[in-house]
Amino acid sequence: MAYAIFSLSLSLLNSVLDDTGIYNTIPFLRFIDIIDSGILFPFFIFLYVVHQIDHPVKNSRKRIWLFTPYLYSLISSILDVDIIANSLRIPFEYQLLMDIIELMIIILFIPGILIYTYTFIKFSNNTKEKRWLTNLWFLASVLFSSWIFAVLSDAFLGYDSAPVMKILTVFATFLIHWTSYFGIFKFRLAKDQEEIRALITKQKNDSTMQVVTDVTLSKTSDTKKIESFTKENSYFKKLEGLCINDQIYRDSTLDRDKVAEQLGISPGYVSQLVNTITGDNFSTYINRHRVEAIKNLILDSEFDNYNLLAIGLECGFSSKSTFHNAFKKITGTTPNAYRKKYK
């Protein structure tokens, strides 16, 4: 994916330098035009897809042949340089043949590799991954189909493709930012969360440490409940069990109403119970459990390679800001600083 973004970025740079006339002022920069690798973007998208779905094709040595169109385009660009063209004096017929071949590459290779890529997306077993790959493929197809249409309209119909190319430049910029955010950040984050969830579930099933929760929840009056606001309170012990054994704090939508429903008491009583016994409000009480879980995961070597935000989200925080703010409020340091200090 990084190579795909770089290849498209280089093509955008070439377009900007060409439009601003920099090549006339600084001829040396013309090498950027020569190595323009935008044609490689669909190829790298193909490699990314087969790698993501872990298809055997990713290990095939035949993939190297997919570089051939770009190599041909590179050689053709080099031969088009004035100094080289004048010294070689390539006959018009050969030059025409080279241009036709390059046009055929644009017409056949790019749509072909995009169609070929789509046939692999169906092998993904992950719904989110399949949706992401399909969206990426669709946007890449729209971009390059529009570009091919503009090139052909310019070559055969004489239409000025400059306005269309400017629009496609903006679209390509959007594609780079969209891909970086959703593909590299959001999708990676979601994948980390899935793996973290699986590890937490495994550890939970393997754990022998349990908090006693088979307590009798007596039906007493509110007056007697208030008088028994200690850690031995049956409702509080049940709440602790729900947090430690069932890890209810991992639900990012958890609130007093949900907890009250599970305990069979009123939301107001939940607040009184937590405030009196712990000195914290309900939100801080739940966040303490979340932060404690995060600290344990940070110290666990099995989670060393996972994004801290993914860990925080999987432990119940709803966003990066709430995660960082709560962690710093409770521990006095940031998640990243905590990891560096204790790992």
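Is C315 buried or exposed, and what is its relative accessible area?

Modeller: C315 is buried, at a relative accessible area of 1%. Buried means under 20%, exposed over 50% and partly exposed in between, with a 1.4 Å probe and protein chains only. This is a predicted model, in which local features need pLDDT of at least 70 and side-chain atom pairs count only at pLDDT 80 or more, while totals for chains, interfaces and linings use all residues. Residues are numbered from 1 along each chain as its sequence is written, and side-chain values use heavy atoms, with hydrogens and water left out.

C315 takes part in no disulfide, and the nearest cysteine sulfur, in C243, lies 13 Å away. A disulfide is a pair of cysteine sulfur atoms within 2.5 Å, so the sulfur of C243, with C315 as its closest cysteine partner at 13 Å, is too far for a bond. C243 is also buried, with 0% relative accessibility. The structure as a whole has zero disulfides.

Helices are DSSP runs of H or I, at least four residues, numbered from the N terminus; axes are lines fitted to C-alpha atoms over the stretch in contact, and angles run from 0 to 180 degrees between N-to-C directions. On the α5 side the contact (heavy atoms within 4.5 Å) includes P69, Y72 and L79, and on the α7 side it includes L97, M98 and F109. Its residues divide into eight nonpolar, three polar and two charged.

Helix α4 (residues 41-52) also packs against α7, at about 10° and with axes 9 Å apart. The two helices α4 and α7 are therefore roughly parallel, a term for angles under 35 degrees. Among the residues that make this contact are F43, F46 and V50 of α4, and I113, Y116 and F120 of α7. Twelve of the contact residues are nonpolar, one is polar and none is charged. Here Ala, Val, Leu, Ile, Met, Phe, Trp, Tyr, Cys and Pro count as nonpolar, Asp, Glu, Lys and Arg as charged, and the others, Gly among them, as polar.

Helix α8 (residues 127-157) contains T134. This residue, T134, is partly exposed, at 27% relative accessible area. From T134 to D304 is 170 residues in sequence and 31 Å in space, C-alpha to C-alpha.

Terms used
Angles under 35 degrees count as roughly parallel, over 145 as roughly antiparallel, 65 to 115 as roughly perpendicular and the rest as oblique.
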